[in-house]
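Good morning, and thank you for making time on the agenda.

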Amino acid sequence: RFRAEKYEEAREKYAALVAAHPQSAAAIEGRFKLGSSLYNLEKYLEAAAEWDRVVADKSAGDYIPEALYWAGVSLEKADRKEDALQRLSRLVTQYPKHSRVENAKVRIAALKAVLGK
């Protein structure tokens, strides 16, 4: 449903997957994609909360830096600039070689300019 841009349907399916199998390996990917579905539905705070849950799961592996990036972007769109800056800065610090770091640095500079830092 996500690929077909049926984000509400995708949100429902991912939420059901995560609820039914919260400890499974599929739950991590499901939670990440649930965040993506919510983001595309412009539910930025809810999306960021799902990505924060991914980040908090030490077994999430490669999903963690992606989740940090998208949580930051989502929080920025929700006008939670300090929170966005925190997530993006953590990405840059903890995963300096990740492919999203360059974009994160641009966003960090813009956020710092807006926040007067």
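This is a predicted model: local features need pLDDT of at least 70, side-chain atom pairs count only at pLDDT 80 or more; totals for chains, interfaces and linings use all residues.

Let me begin with H5 and helix H6, the latter covering residues 101–115: the two pack at an angle of about 145°, and their axes lie 9 Å apart. The crossing of H5 and H6 is left-handed. On the H5 side, the contact is formed by Lys81, Glu82, Ala84, Leu85, Leu88, Ser89, Leu91 and Val92, and on the H6 side by Val101, Ala104, Lys105, Arg107, Ile108, Leu111, Lys112, Val114 and Leu115. Sorted by class, the residues in this contact of H5 with H6 are 11 nonpolar, one polar and five charged.

Helix H2 comprises residues 25–40.

Which residues of H2 are buried? They are Ala27, Ile28, Gly30, Arg31, Phe32, Leu34, Gly35, Ser36, Ser37, Leu38 and Tyr39. The cover over these buried residues of H2 includes H1, H3 and H4. I shall take two of those neighbours in turn.

From H1, Tyr7, Ala10, Arg11, Tyr14, Ala15, Leu17 and Val18 take part, and they meet Ala26, Ala27, Gly30, Arg31, Lys33, Leu34, Ser37, Leu38 and Asn40 of H2. This contact of H1 with H2 has 10 nonpolar, three polar and three charged residues.

The other neighbour is H3. Here the axes of H2 and H3 come within 7 Å and cross at roughly 165°, so H2 and H3 are roughly antiparallel to each other. This crossing, too, is left-handed. In H2, the residues involved are Ile28, Arg31, Phe32, Leu34, Gly35, Ser36, Leu38 and Tyr39; in H3, they are Tyr44, Glu46, Ala47, Glu50, Trp51, Arg53 and Val54. By class, the contact of H2 with H3 has nine nonpolar, two polar and four charged residues.

Let me now move to the loops. Between H2 and helix H3 (44–56) lies Glu42. Glu42 is not a glycine, yet its phi is positive, at about 65°. Is Glu42 buried or exposed? Its relative accessibility is 59%, so Glu42 counts as exposed.

A second residue of this kind is Asp79, again not a glycine, with a positive phi near 65°. Asp79 sits in the loop between helix H4 (63–77) and helix H5 (81–94). With a relative accessible area of 56%, Asp79 is exposed.

Finally, I come to Ala71, in helix H4. At 0% relative accessibility, Ala71 counts as buried. Leaving aside residues up to four places away in sequence, what does Ala71 touch? Its contacts are Ala48, Trp51, Asp52 and Arg87. Ala71 and Arg87 are 16 residues apart along the chain, and their C-alpha atoms are separated by 6.7 Å.

That concludes my presentation, and I thank you for your attention.

Conventions: Residues are numbered from 1 along each chain as its sequence is written. Side-chain values use heavy atoms; hydrogens and water are left out. Axes are lines fitted to C-alpha atoms, for helices over the stretch in contact, and angles run from 0 to 180 degrees between N-to-C directions. Helices (H or I, at least four residues) and strands (E, at least two) are DSSP runs, numbered from the N terminus. Contact means heavy atoms within 4.5 Å. Ala, Val, Leu, Ile, Met, Phe, Trp, Tyr, Cys and Pro count as nonpolar, Asp, Glu, Lys and Arg as charged, and the others, Gly among them, as polar. Buried means under 20% relative accessible area, exposed over 50%, partly exposed in between (1.4 Å probe, protein chains only). A crossing is left-handed if the near helix is turned anticlockwise from the far one by less than a right angle, and right-handed if clockwise. Angles under 35 degrees count as roughly parallel, over 145 as roughly antiparallel, 65 to 115 as roughly perpendicular and the rest as oblique.
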